[in-house]
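Please consult the sequence and the model shown here while reading.

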Amino acid sequence: MGKWLEHSVTTEIQAPVARVWEVWSDLEAMPRWMRWIESVVTLDDPDLTDWTLAAQGFRFHWKARITERVDSQRLHWESVGGLPTKGAVRFYPLGPDLTAVKLTVSYELPGALAPLMEPTIMGGIVTKELQANLDRFRDLVEKG
């Protein structure tokens with residue numbers, strides 16, 4: 001059995017929460033701002049998506065199901081095949097034109113890979129990449 005790892009990052013976006021939610025909700029557009037995500041395809045069920053990630057010489061593939069959706073507040077998901085993963089993105093209105101976004105991603109790595117992902121080794125790279133992705137998302141929303 002593998003080891004579950006979790007990373008959380010946040011950013012503030014100069015935009016109303018409804019606009020931030022609208023942009024995030026277009027899951028198939030995520031490769032525009034999530035560098036390691038190669039593709040996201042929505043399947044026949046709009047809560048089921050097919051993901052491909054390519055990073056650091058590894059390629060992972062999985063299907064994910066949205067388990068909770070509250071418009072302009074939160075979106076939770078978990079994998080239903082492939083790489084074991086789950087996570088949540090939460091939206092916090094801080095004012096009429098300011099929104100905080102918190103992204104939490106958890107995934108299970110095979111036991112042999114888990115030691116490489118300790119925070120002092122590769123795990124720090126994943127957190128930094130997630131933050132960079134969220135910052136690219138912020139820039140995309142703010143530029144309209």
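Trp62 has a relative accessibility of 7% and therefore counts as buried, a term that stands for under 20% relative accessible area, with exposed meaning over 50% and partly exposed the range in between (1.4 Å probe, protein chains only). The model is a predicted one, in which local features need pLDDT of at least 70, side-chain atom pairs count only at pLDDT 80 or more, and totals for chains, interfaces and linings use all residues. Residues are numbered from 1 along each chain as its sequence is written, and side-chain values use heavy atoms, without hydrogens and water.

**Overall architecture**

The protein contains two helices and seven strands, in the order β-α-β-β-β-β-β-β-α from the N terminus. Helices (H or I, at least four residues) and strands (E, at least two) are DSSP runs, numbered from the N terminus. Of its 144 residues, 41% count as buried.

**Aromatic pairs**

Seven aromatic pairs are found in the whole structure. Rings of Phe, Tyr and Trp (its six-membered ring) pair if their centres lie within 6.5 Å; planes under 30 degrees apart count as stacked, over 60 as edge-to-face and the rest as tilted. Trp62 is stacked with Trp51, at 5.9 Å centre to centre and 5° between the planes. Trp51 belongs to strand β3 (residues 48-55) and Trp62 to strand β4, so this pair ties together parts that are eleven residues apart in sequence. Trp51 is likewise buried, with a relative accessible area of 11%.

Ring pairs also link Trp21, Trp24, Trp33, Phe91 and Phe137 into a cluster. Leaving aside residues up to four places away in sequence, its contacts include Val17, Trp21, Trp24 and Ser72, where contact means heavy atoms within 4.5 Å. Ser72, in the loop between β4 (58-70) and β5 (74-82), has a positive phi of about 65° although it is not a glycine.

**Charged contacts**

Side chains of opposite charge can pair when their charged atoms come close. A salt bridge is here a side-chain nitrogen of Lys or Arg within 4 Å of a carboxyl oxygen of Asp or Glu, and the count by this rule is ten. Three of these salt bridges are listed below.

| Salt bridge | N to O distance |
|---|---|
| Glu129 and Arg35 | 2.5 Å |
| Arg59 and Glu38 | 2.3 Å |
| Lys63 and Asp50 | 3.3 Å |

In the salt bridge of Glu129 with Arg35, Glu129 lies in helix α2 (residues 119-143) and Arg35 in the loop between α1 (17-25) and β2 (37-42), 94 residues apart. Glu129 is buried at 7% relative accessibility, whereas Arg35 is exposed at 55%. The salt bridge between Arg59 and Glu38 joins strand β4 to strand β2 across 21 residues; Arg59 is exposed at 54% and Glu38 partly exposed at 44%. Lys63 in strand β4 and Asp50 in strand β3 are 13 residues apart. Lys63 is partly exposed at 33%, while Asp50 is buried at 12%. Salt bridges with shared partners join Arg35, Glu129 and Arg136 into one network.
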